[in-house]
Amino acid sequence: MGTRRDVSSYASGPSYYSVHETNQAAAYLYPNDADEKERLEFQHKLLKDVLHGRNYLAPFSKARPPKKVLDVGTGTGTWAIEMGDEFPSAEIVGVDLSPIQAELVPPNVHFFIDDWYAAMQSQACLWFSWVGNLG
Ligand SMILES: C[S@@+](CC[C@H](N)C(=O)[O-])C[C@H]1O[C@@H](n2cnc3c(N)ncnc32)[C@H](O)[C@@H]1O
């Protein structure tokens with residue numbers, strides 16, 4: 001998988017995603033500015049409400065935690081961070097085209113900036129994977 005890429009060079013106009021510049025298959029239409037991050041946070045809360053406060057329906061528990069969790073199109077990374085908090089023994093990886101995730105995250109949570117369609121060819125496919133609202 002790739003590493004964080006700086007999108008601060010997008011000085012004028014709305015800020016858009018970075019990886020799609022080098023890989024047309026990863027083109028994503030929405031911006032990654034403050035309004036969009038707010039929308040993603042709201043959408044996350046909405047989905048969690050629908051799931052009665054849960055982040056998943058898989059039969060995980062403190063006694064039966066997941067081992068490796070992959071969040072495809074992690075966005076702000078809130079889902080991944082909450083999973084990392086709930087399951088400290090699990091390794092959580094979030095992948096997204098854009099570095100809009102929090103800097104301070106639990107030690108078991110890692111974010112990578114990459115095009116999922118390229119990354120899916122790796123062993124990450126064997127992980128418990130969450131594709132939340134991927135556009
Ligand atoms: C609607 S947002 C959902 C974010 C998060 N899963 C949530 O539920 O809040 C879709 C996310 O998928 C990411 N995305 C779209 N295509 C992608 C790709 N090919 N590889 C990685 N991330 C992708 C976008 O950058 C965006 O952050």
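**Close-up views of a predicted model**

View 1. Val 95 stands opposite Phe 112 in strand β3. Val 72, in turn, stands opposite Val 95 in strand β2. The model shown here and in the other views is predicted.

View 2. Another pairing joins β2 to strand β3, residues 109-113. These two strands also run parallel, with 5 bridges between them. Strand β2 itself spans residues 91-96 and is mostly covered. Of its 6 residues, 5 are buried. In a regular strand, side chains alternate between the two faces of the sheet.

**View 3. A β-α-β unit is built from β1, α2 and β2.** Helix α2 consists of residues 78-86. Together with β1 and β2, helix α2 makes a β-α-β unit. The unit is right-handed.

**View 4. Gly 94 is a buried residue of strand β2.** Gly 94 is found in β2. Why does Gly 94 count as buried? A residue is buried if 20 or more other C-beta atoms lie within 10 Å of its own. Gly 94 has 27 C-beta neighbours inside 10 Å, so it counts as buried.

**View 5. Gly 94 has contacts from several parts of the sequence.** Which residues does Gly 94 contact, leaving aside its neighbours within four places in sequence? They are Asp 71, Thr 74, Gly 77, Ala 80, Gln 101 and Phe 111.

View 6. Helix α1 runs over residues 34-50, which is 17 residues. At 1.5 Å a residue, α1 should span 24 Å. Its end C-alpha atoms are 25 Å apart, which agrees. After α1 comes His 52, whose phi is positive, near 55 degrees. An α-helix has 3.6 residues a turn, so residues three or four places apart point the same way.

**View 7. The whole protein has 3 helices and 4 strands.** The secondary structure comes to 3 helices and 4 strands. From the N terminus on, the elements run α-β-α-β-β-α-β. The protein has 135 residues, and buried residues make up 26% of them. Among contacts with a separation of 6 or more, 57% are between residues 24 or more positions apart.

How values were computed:
Residues numbered from 1 in each chain as written. Predicted model: local features only at pLDDT ≥ 70, side-chain atom pairs only at ≥ 80, totals over all residues. Expected span 1.5 Å × (residues − 1). Buried ≥ 20, exposed ≤ 12 C-beta atoms within 10 Å, placed from the backbone. Pairing = 2+ DSSP bridges. Right-handed = clockwise from strand over helix to strand, strands pointing away. Contact = placed C-beta atoms within 7 Å.
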